[in-house]
Amino acid sequence: MKDKKKLRKEVLNIRKGLSEEEVIRKSKLITEKLISFEGFNNSNFIMAYMDFKNEVMTKFLIDHCLNLGKTVVLPLIDSEDGTKKIFPYELKDREESVKPGTYGILEPVKQFSRKIDPKEIDLVVVPGVAFDVKGGRIGYGAGYYDVFLREVRDDCLKVGIAFDIQVFSSIPKEEHDMLMDAVITESKIYR
Ligand SMILES: Nc1ncnc2c1ncn2[C@@H]1O[C@H](COP(=O)(O)OP(=O)(O)OP(=O)(O)O)[C@@H](O)[C@H]1O
Ligand SMILES: [Mg+2]
C-alpha cells in the first residue's frame, strides 16, 4: 500500500529528529501512564519489546514489571515451517539474557529462555511507526504484529505506545490490520 509507505517514511524521519533527552523524558511519561492504566495491575504476563531507533524506550517499564514480580515476555522472530513470525519468550533480566536478533533488535536467547504460550499473555505493549486515535496502527511493514495479535486471548489488552508526533486522526488501514485497545502517548491516552 502506497499511502502506508509514504506515512512510514515521514514519521520515521520526524522521530529520528527527537533528541535522546526528549526520548527519555517522553518515554518516562508514557511509562507512568501505562502503569496506572486500568488493566495493568491485573496483568501478570506482560509482553514488551526492545526499543531501537528512537522508539519509545521500554526499559523503565520492563524494570518496573520485573520489580513487581510480573512475567515479562519479549518477541523473538523465528521460523517454524518456513514462515518467520513472532514467538514470545520470557525475559528473566533485562541486561544479561538478550542478544541481537532480526533487524539487530535485542531478543531473549532461545536456549536460556522459556517459550510462552500466546494465550498466557494478559497485555501486549505494541510498538509502531504510526497510530490513529481509534487504535489503528502502522508498523514497519512485515505484518509480524498483525499475525501475532491474532494468537492472543480475546481479553488480552493490546496497548500501542508512541510519541504524540506518531498519532494521527486517521491512517490508512487494510483488512488484516489489528486494532489497539488503547494508544498511549506522553500527553494522552486514546481508547
Ligand atoms: N493475518 C495475516 N495473515 C497473513 N499475512 C498477513 C496477515 N497480516 C498481515 N499480513 C502480511 O503482512 C504484510 C504487511 O502488513 P502491514 O503493511 O499491515 O504491516 P505492518 O502492520 O506495518 O507491520 P508489523 O505488524 O510487522 O509492524 C501484508 O501485506 C500481508 O501480506
Ligand atoms: Mg498492519
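Visitor: What counts as a helix, and what as a strand, when elements are named here?
Guide: Helices are DSSP runs of H or I with at least four residues, and strands are runs of E with at least two, numbered from the N terminus. The model is predicted. In it, α1 gives the most to the lining of the largest pocket, with seven residues.

Visitor: What volume does the largest pocket have, and which residues are closest to its centre?
Guide: The volume is about 660 Å³. Among the 37 lining residues, F52, E55, Y103, I105 and Y140 are the closest to the centre. Two or more lining residues come from each of α1 (2–16), β2 (71–80), β5 (106–108), β8 (137–138) and α4.

Visitor: Which residues are the protein donors of the magnesium ion?
Guide: D146 and D177 are the donors, each through OD, and they lie 2.0 Å from ligand 2. D146 belongs to helix α4 (residues 144–148) and D177 to the loop between β10 (167–168) and β11 (182–184), so this pair ties together parts 31 residues apart in sequence.

Visitor: Is D146 buried or exposed?
Guide: Buried means under 20% relative accessible area. D146 has 10% relative accessibility and therefore counts as buried. D177, at 11%, is buried by that cut-off too.

Visitor: How many salt bridges are there?
Guide: Side chains of opposite charge can pair when their charged atoms come close. The count in this model comes to 13 salt bridges. In one of them, K4 pairs with E174, with 2.6 Å between the closest N and O atoms. K4 lies in helix α1 and E174 in the loop between β10 and β11, so the bridge ties together parts 170 residues apart in sequence. K4 is buried, with a relative accessible area of 5%, whereas E174 is partly exposed at 28%.

Visitor: How far apart are the closest N and O atoms of K4 and D177?
Guide: They are 2.8 Å apart, and the two residues form a salt bridge. Because K4 is in helix α1 and D177 in the loop between β10 and β11, the pair ties together parts 173 residues apart in sequence.

Visitor: Where do E38 and R191 lie?
Guide: These residues form a salt bridge, their closest N and O atoms being 3.3 Å apart. E38 is in the loop between α2 (20–35) and β1 (45–47), and R191 is in the segment after β12 (189–190), so parts 153 residues apart in sequence are tied together. Both E38 and R191 are exposed.

Visitor: Which residues are joined into one network by salt bridges that share partners?
Guide: K4, E174 and D177 are joined in this way. D177 is also a donor of the magnesium ion.

Technical notes: Residues are numbered from 1 along each chain as its sequence is written. Chains are lettered from A and ligands numbered from 1 in the order in which they are written. This is a predicted model: local features need pLDDT of at least 70, side-chain atom pairs count only at pLDDT 80 or more; totals for chains, interfaces and linings use all residues. Side-chain values use heavy atoms; hydrogens and water are left out. Donors are N, O and S atoms within 2.8 Å of the metal (3.2 Å for Na, K and Ca); water is not among the atoms, so sites may look incomplete. Buried means under 20% relative accessible area, exposed over 50%, partly exposed in between (1.4 Å probe, protein chains only). On a 1 Å grid over the protein atoms alone, a cavity is a set of points where a 1.4 Å probe fits but cannot get out, and a pocket is an open set with protein on both sides within 12 Å along at least five of seven lines; lining residues have an atom within 4 Å of a point. Grid points are joined across faces, edges and corners, and a volume is the space filled by probe spheres set on the points. A salt bridge is a side-chain nitrogen of Lys or Arg within 4 Å of a carboxyl oxygen of Asp or Glu.
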